[in-house]
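Please write a short report on the structure below.

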Amino acid sequence: DFQRAVATFEALIAEQPNDLENNKLHAICLRFLGDILADESVEQASKYYNRAIERLRTLALKNPDILDY
């Protein structure tokens with residue numbers, strides 16, 4: 001499930017904060033979790049969407065040559 005994936009990526013990122021792929025996949029999981037929660041609670045979904053946006057914004061600012069972010 002995506003909640004478990006988010007927790008796993010958070011642990012991986014704590015160990016290797018500069019791993020670009022883990023950071024990107026973490027953001028994707030956050031977005032998917034927001035998608036899943038959107039039908040139940042827009043407020044909860046927004047929290048996950050905002051976390052995903054922040055993660056990708058940070059990646060984009062630190063890595064402007066990588067278009068995926």
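## A link across the chain

Lys 24 and Asp 68 form a salt bridge, and their closest N and O atoms are 3.8 Å apart. Lys 24 lies in helix α2, while Asp 68 lies in the segment after α3, so the pair ties together parts that are 44 residues apart in sequence. Keep in mind that this is a predicted model.

Are the two partners buried or exposed? Lys 24 has a relative accessibility of 17%. It counts as buried because that value is under 20%. Asp 68 has a relative accessible area of 59%. Asp 68 is exposed because that value is over 50%.

Glu 21 counts as partly exposed, at 41% relative accessibility.

Arg 31 and Asp 35 meet through their side chains in another salt bridge, at 3.6 Å from N to O. Being four residues apart in helix α2, they are separated by about one helical turn. Arg 31 counts as partly exposed at 40% relative accessibility. Asp 35 counts as partly exposed too, at 37%.

Which residues do shared partners join into one network? They are Glu 21, Lys 24 and Asp 68. The count of salt bridges comes to five.

## How α2 packs against α3

Helix α2 covers residues 20-37. Helix α3 covers residues 42-62. The two pack at an angle of about 160 degrees, and their axes are 8 Å apart. That makes α2 roughly antiparallel to α3, because angles over 145 degrees count that way. The crossing of α2 and α3 is left-handed.

Now for the nonpolar side chains. Phe 2, Ile 28, Phe 32 and Ile 36 make a nonpolar surface patch. Its area is about 300 Å². Which helix gives the most to the nonpolar patch? Helix α2 does, with three residues.

Phe 32 has its place in helix α2. Phe 32 is partly exposed, with a relative accessible area of 31%. Patches are made of residues with over 30% relative accessible area, so Phe 32 passes that cut-off.

Methods
Residues numbered from 1 in each chain as written. Predicted model: local features only at pLDDT ≥ 70, side-chain atom pairs only at ≥ 80, totals over all residues. Heavy atoms only, no water. Patch = residues over 30% accessible without salt bridge, like charges linked within 9 Å, V, L, I, M, F, W, Y side chains within 5 Å. Areas by Shrake-Rupley, 256 points an atom, 1.4 Å probe, with all protein chains shown as cover. Salt bridge = Lys/Arg side-chain N within 4 Å of Asp/Glu carboxyl O. Buried < 20%, exposed > 50% of the residue type's maximum accessible area, 1.4 Å probe, protein only. Axes fitted to C-alpha atoms, helices over the stretch in contact; angles between N-to-C directions. Parallel < 35°, antiparallel > 145°, perpendicular 65-115°, else oblique. Left-handed = near helix turned anticlockwise from the far one by under 90°.
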